[in-house]
Amino acid sequence: MKYIIWTLLVGITSVIQAQELITYEVPQKLFYSAHNDDFTVKVRIPGGEWKDLYEYKVGVDMDTQSTASMVSFDFTGTVEVQVRKNNGLVNAVQIRPLSYGITPKVQERIITFTLDQPRKISLEVNGDKLQNLHIFANSILKDKPDPDDPNVMYFGPGIHQPKDLPGDVFRIPSGKTVFIDGGAVIKAKLLVDTAHDVKIVGHGIVFQPERGVEVRHSQNVTIDGPIFINPKHYTIYGGQTTGLTVRNIKSFSNQGWSDGIDLMSCSDVLIDDVFMRNSDDCIAIYGHRWQFYGNAQNYQVKNSTLWADIAHPINIGGHGNAEAGGDTIENITFTNIDILEHDEDDRNYQGCLSIACADNNLVRNVSYKNIRVEDFQEGQLFHFRVVFNPKYSSASGRGIENITLENIEYNGNGANPSTIHGYNKDRLVKDIQFKNLKINSKLIENASEGSVKIGEYTDGIKFKK
């Protein structure tokens with residue numbers, strides 16, 4: 001009997017020890033200027049004391065220049081979240097991605113729910129996607145870098161800016177680990193140029209830089225954990241780099257050319273567990289552009305949430321070395337992705353899943369699997385074209401081939417007809433397979449049922465159950 005009681009106590013103690021919650025203070029200089037008062041957010045371990053979170057304001061949607069809210073914290077075990085809507089009535093509440101199945105309790109202006117695993121979610125009151133609340137619930141960092149290690153660049157709680165003029169870049173040399181504490185705010189770009197074996201980790205914030213992280217001509221670079229609030233241009237800008245890992249980043253942008261992750265002539269890339277809300281392409285994969293040269297090969301993009309207030313959630317193929325015969329962009333997989341928005345007026349730049357192949361590029365061996373697309377404002381579900389766009393390219397693409405779409409689900413009413421179109425008899429779109437494509441829960445067995453326009457110079461387009 002004593003043994004049984006002891007075993008139960010050990011089990012209970014293990015559960016208690018597994019519960020941990022970490023919150024972070026905002027730097028005092030930003031306390032008033034960076035705050036959004038639309039929501040008041042608190043978190044706690046069940047049965048514990050509520051902890052207040054700081055609600056950052058984040059700019060979203062270039063067209064409307066709206067101001068949304070964002071909070072973040074770290075936890076293990078289970079955490080309760082309480083949200084108070086400070087202005088207006090609460091008639092309906094939705095938490096997205098819908099695939100998570102999180103149903104909150106609502107009592108007047110108080111919204112509560114529980115999380116038992118890390119999540120990146122949007123809480124929307126009365127259908128408002130523009131003044132919404134983003135909640136980033138991270139796992140607790142393991143094996144934190146030692147701030148006293150000479151190979152660690154440590155950014156502790158507070159605001160950090162470079163001392164040298166113009167004061168907008170921190171340069172990261174080879175072999176360094178950048179550790180951004182959850183209470184740190186960096187007001188500068190992080191530049192990795194001609195370097196190798198670099199890590200940028202931590203749950204702090206990179207705040208309104210020119211670009212978030214710029215990785216050029218480098219090898220073996222990892223970016224894991226930070227939040228990027230409103231860079232003027234790209235969040236992650238990669239050029240001619242191999243061995244790039246981008247994991248658990250969170251990004252907001254609301255200006256022109258403020259893409260999320262744009263990679264030129266990069267190979268051996270892993271993008272995992274990211275949340276991108278951008279006013280241009282969330283993820284774009286290209287060949288040659290500007291001073292970067294070479295093919296783009298071997299990408300895995302998975303377990304992520306993409307929200308394109310403008311342009312594409314996913315875009316492939318638009319830039320390459322046309323004068324040298326083009327580049328090959330190949331061996332790319334997208335798995336377990338939630339797409340929350342796509343809003344693009346110009347038909348040439350539509351497509352939640354877009355391959356616009358130009359500049360004599362060849363795009364091949366691309367797989368989209370387990371992609372969930374929620375209702376969006378305006379655009380197409382997919383857009384596969386070999387195209388010549390004189391605004392951005394010097395020639396049409398060479399072709400698109402061997403594309404697989406499996407377990408793609410779209411639920412909504414905002415989609416224009418999808419497009420598949422080649423350029424001429426020598427520059428085809430071919431060997432496109434749809435497996436288990438569903439639109440509003442209906443299995444699509446042919447192009448007509450899926451509102452797919454199949455144009456000229458295409459071959460081998462098949463729909464399968």
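Where does Tyr 392 lie? Tyr 392 turns up in the loop that runs between β36 (382–386) and β37 (399–410). Keep in mind while looking around that this is a predicted model.

**View 1**
Tyr 392, the loop residue from the opening, has a relative accessible area of 33%, so it counts as partly exposed.

Searching the whole structure turns up 20 aromatic pairs. One of them is formed by Phe 155 and Phe 170: the pair is edge-to-face, at 5.0 Å centre to centre and with 70 degrees between the planes. Phe 155 belongs to strand β12 (residues 152–155) and Phe 170 to strand β14 (residues 169–171), so this pair ties together parts that are 15 residues apart in sequence. As for cover, both Phe 155 and Phe 170 are buried.

**View 1. A tilted pair.**
Next up are Phe 252 and Phe 275, an aromatic pair that is tilted, with 6.5 Å centre to centre and 50 degrees between the planes. Phe 252 sits in strand β25 (residues 250–252) and Phe 275 in strand β28 (residues 275–278), so to speak a link between distant parts of the chain, 23 residues apart. Phe 252 has 0% relative accessibility and therefore counts as buried. Phe 275 is also at 0%, and so it counts as buried too.

**View 2. A cluster of rings.**
Which residues are linked into a cluster by ring pairs? They are Phe 334, Tyr 368, Phe 382, Phe 384, Phe 434 and Phe 463.

**View 3. Arginines over rings.**
In this close-up, look for the charged end of Arg 96: it sits over the ring of Trp 307, 5.0 Å from the ring's centre. Then find Arg 119, whose charged end sits over the ring of Tyr 100, 3.7 Å from that centre.

**View 4. Cysteines without a disulfide.**
How many disulfides are there? The count comes to zero. Take Cys 266: its nearest cysteine sulfur belongs to Cys 282 and is 18 Å away, and Cys 266 is in no disulfide. Cys 266 is buried, because its relative accessible area is 0%. Cys 282 is in no disulfide either, and its nearest cysteine sulfur, that of Cys 352, is 9.8 Å away. With 0% relative accessibility, Cys 282 counts as buried.

Technical notes
Residues numbered from 1 in each chain as written. Predicted model: local features only at pLDDT ≥ 70, side-chain atom pairs only at ≥ 80, totals over all residues. Heavy atoms only, no water. Helix = DSSP H or I, 4+ residues; strand = E, 2+ residues; numbered from the N terminus. Buried < 20%, exposed > 50% of the residue type's maximum accessible area, 1.4 Å probe, protein only. Phe/Tyr/Trp six-rings, centres within 6.5 Å; stacked < 30°, edge-to-face > 60°. Lys NZ or Arg CZ within 6 Å of the ring centre and 35° of its normal. Disulfide = S-S within 2.5 Å.
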